Amino acid sequence: METDDTGRKMEEELGGNKRLSETPPDDDCCPICFGPFTVPCRSNCGHWYCGSCILQFWNYSSASKPCGCPMCTCMIVNLMPEASLEQQPQNQEVAEVLKSVRRYNLLFLGGARGFIQQKVRELPFFIKRIFQGLMDPDTNDTYIAEIRLFAMLLSIIYRATPLDFIPTGGIGIGRVFDCSAIILILILRLVGIYRRRRLMQRVRRLAAMELLQE
């Protein structure tokens, strides 16, 4: 219901957005990178961002929710690229950003039914993003809650099927899935800490080499 309401509000808003400019203001800049617009995209709330900037901002937020507008906190369920981008030759970088924008719009546009359909299609993408988030030592607890919720969903599906091949040891299938999720979270976090440490060691070696060359 909440998604339907958001979709209706967005449609009403878009219907009244004819007075909004189809191009970003010439004297304005992206409020995320504070640089000139690259692949300008307008949110359904009327704010302009670089396509790559707003998608990257979303990547650091919840993997299962629309991006919150950095300017007004409105939920962004539709990104509208500048019209001229579709009419001019595109390099590979611009084409990739536009493709990501279209995928974002498909994910959050279309009401509850479209939302569920796109969630199913984008499930591998979400899982990949959640795993990447869990390997980041600086990430918040949102990804942890989401993967435990996903484990609970899997346990419900398992109970609804005639399958019975997972040993529970008397603790219940729900607890088995939850403990497995916690173990997976710990492993991914340790992998992330190890990768961060290796990266820092590499940076220090490169810095030392530069100092020696000087």
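The structure is a predicted model, in which local features need pLDDT of at least 70 and side-chain atom pairs count only at pLDDT 80 or more, whereas totals for chains, interfaces and linings use all residues. Residues are numbered from 1 along each chain as its sequence is written, and side-chain values use heavy atoms, with hydrogens and water left out. The protein chain contains seven helices and five strands, where helices (H or I, at least four residues) and strands (E, at least two) are DSSP runs numbered from the N terminus.

**Overall fold and surface**

- Along the sequence, the elements of the protein chain follow the pattern α-β-β-α-β-β-β-α-α-α-α-α.
- Of the 214 residues in the protein chain, 32% are buried, a term that means under 20% relative accessible area, while exposed means over 50% and partly exposed lies in between (1.4 Å probe, protein chains only).
- Among the contacts in the protein chain with a separation of 6 or more, 56% link residues 24 or more positions apart, with contact meaning heavy atoms within 4.5 Å.
- The protein chain exposes about 14200 Å², of which carbon and sulfur atoms supply 60%; accessible areas come from the Shrake-Rupley method with a 1.4 Å probe, and for residues only the protein chains shown count as cover.

**The loop between α1 and β1**

- Asp-28 lies in the loop between α1 and β1 and is partly exposed at 42% relative accessibility; its C-alpha atom is separated by 9.1 Å from that of Trp-48, which is 20 residues away along the chain.
- Phe-34, found in the loop between α1 and β1, counts as exposed at 64% relative accessibility, and its phi is near 60°, a positive value in a residue other than glycine.
- Gly-35 is in the loop between α1 (2-15) and β1 (40-43) and is buried, with a relative accessible area of 15%.
- Leaving aside neighbours within four places in sequence, Gly-35 is in contact with Cys-29 and Cys-30, and the C-alpha atoms of Gly-35 and Cys-50, 15 residues apart along the chain, are separated by 9.0 Å.
- Val-39 lies in the loop between α1 and β1, counts as buried at 9% relative accessibility, and has a positive phi of about 50° although it is not a glycine.
- As background to these backbone angles, most residues other than glycine have a negative phi.

- Asn-44 lies in the loop between β1 and β2 (48-50) and is buried, with a relative accessible area of 3%.
- The side chain of Asn-44 reaches the backbone oxygen of Met-75 at 3.3 Å, a polar contact in the sense of a pair of N or O atoms within 3.5 Å, where within protein one must be able to donate a hydrogen and the other to accept it, and residues adjacent in sequence count only if both atoms are side-chain atoms.
- Asn-105, in helix α3 (residues 92-108), counts as buried at 12% relative accessibility.
- A polar atom of the Asn-105 side chain lies 2.7 Å from the backbone nitrogen of Leu-79, and, leaving aside neighbours within four places in sequence, Asn-105 is in contact with Val-77, Asn-78 and Leu-79.

- The unreviewed UniProt entry carries the annotation "transmembrane region" for residues 143-161 and 173-194; UniProt positions are given in the numbering used here, feature names are shortened, and annotations may be inferred rather than shown by experiment.
- Over residues 173-194 the chain is 100% helix and 0% strand, with the end C-alpha atoms 32 Å apart.
- Ala-181 lies in helix α7 (residues 173-213) and is buried, with a relative accessible area of 5%.
- Ile-157, in helix α6 (residues 142-160), is partly exposed, with a relative accessible area of 45%.
- Phe-150, Leu-153, Leu-154 and Ile-157 form a nonpolar patch on the surface, with about 320 Å² of accessible area together.
- Patches are made of residues with over 30% relative accessible area and no salt bridge, joining like charges within 9 Å and nonpolar side chains (Val, Leu, Ile, Met, Phe, Trp, Tyr) within 5 Å; a salt bridge is a side-chain nitrogen of Lys or Arg within 4 Å of a carboxyl oxygen of Asp or Glu.
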